[in-house]
Amino acid sequence: MFVQIALVGLVGAVVWIYQAIKPAPSKICGSPEGPPVTATRVKLRDGRYLAYKEMGVPKEKAKHKIVYVHGFDQCRHDAMPVPRDVLEELGAYIVAIDRPGYGQSDPNPKQSVKSKADDIQDFADRLNLGPKFYIMGFSMGGQHVWSCLKYIPHRLAGAAFLAPVANFWWRGFPKDLFKEAYNTQLVQDRWTLGVGHHLPWLTYWWMTQKWFPASSVEAGDFRIFNAHDHKLLSSLPPRAHEAEIRQQGEYECLHRDVMIGFGKWDFDPLDLSNPFPNYDGSVHLWQGDEDGFVTVLLQRYIAKKLPWIHYHEIQGAGHMFIYDEVFPKQVIRSLLLGEKPTVLSA
């Protein structure tokens, strides 16, 4: 009898563990049980759809075409707000996408670091953006930029990183820097990133369990924001699209961000060469020196190791500086015209 009870208990435990770590099914937009499709979307070669939003001058008349990639827990509506008169002056067209699993873009269960560049190239071809275009990524969207620099540099006219998330486990970071930078994170975020890197199969359970605090960003913990961030966030209108961001399920957007962004990459960005040796383009990295989400320590090291990156550090800025009316103009003008920033303090 004891053996039978023990066996039943073991089976029950295995079933509970399996259910706990198995992600909930995604609610695909346009499916019978999923949210409706209201966004403009394009079908990729593998059958998935990417949703997008266009800004600036008409694509057919644009001198410069830019693909914008949003950050963690955002969507196409959260793109950096560049004034329309600036876009018209420069003849710039911006198309902001929903990353896979976010908003109204289909999830990609096979998503990888390389697939980020594959998606961007396929998307650009489907929209007829031409042989070359610009890529711009904010926060987690910066990892799309690294992927494009690695896998499709021949398609780029230029690139801009905006407070890009760096993977602490990139091989090029010295151990002492890794430790110092990693310890700047909140304890709960260190645990979350550690799970995503070392035990990715446990990410869904970790992000949904209630015993320990998980991601501070997902939970809306404002301790990671500085005074400048709080000022900007308080001035922004309520996000009418907020419910749309995670509507297909958190696993295919937030959780996959953690697993891929902080997982094992098949290349080290610190080994990349200048994609524009003939000076026919440029790469820019913008970073606030008080960013509590992405530590400035790693960005300074990246800029030192890759001197072909134009590094712009903003004093007193946190993570959300792209919503300060001063900086979007400078970001776009430096990328398209090569102008040097005139203001680098928040």
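**Cavities and a pocket**

The second largest cavity is lined by Arg-99, Pro-100, Tyr-102, Gln-111, Glu-252, Cys-253, Arg-256 and Asp-257. The model is a predicted one. Sorted by class, this lining has four charged residues, three nonpolar and one polar. The space inside the second largest cavity comes to about 30 Å³.

How many cavities of 30 Å³ or more does the structure hold? There are two of them. The largest cavity has a volume of about 220 Å³, and 18 residues line it. Among these, Val-165, Gln-185, Leu-193, Phe-262 and Phe-293 lie nearest the centre of the largest cavity. Two elements, α6 (187-198) and α11 (296-305), each give two or more residues to this lining. The largest share comes from α6, with three residues. By class, the lining of the largest cavity has 12 nonpolar residues, five polar and one charged.

The next space to look at is a pocket. The largest pocket has a volume of about 830 Å³. Its lining is made up of 33 residues. Which of them lie nearest the centre of the largest pocket? They are Gln-74, Asp-78, Leu-233, Arg-239 and Met-320. The lining of the largest pocket divides into 17 nonpolar, seven polar and nine charged residues.

Technical notes: Residues are numbered from 1 along each chain as its sequence is written. This is a predicted model: local features need pLDDT of at least 70, side-chain atom pairs count only at pLDDT 80 or more; totals for chains, interfaces and linings use all residues. Side-chain values use heavy atoms; hydrogens and water are left out. On a 1 Å grid over the protein atoms alone, a cavity is a set of points where a 1.4 Å probe fits but cannot get out, and a pocket is an open set with protein on both sides within 12 Å along at least five of seven lines; lining residues have an atom within 4 Å of a point. Grid points are joined across faces, edges and corners, and a volume is the space filled by probe spheres set on the points. Helices (H or I, at least four residues) and strands (E, at least two) are DSSP runs, numbered from the N terminus. Ala, Val, Leu, Ile, Met, Phe, Trp, Tyr, Cys and Pro count as nonpolar, Asp, Glu, Lys and Arg as charged, and the others, Gly among them, as polar.
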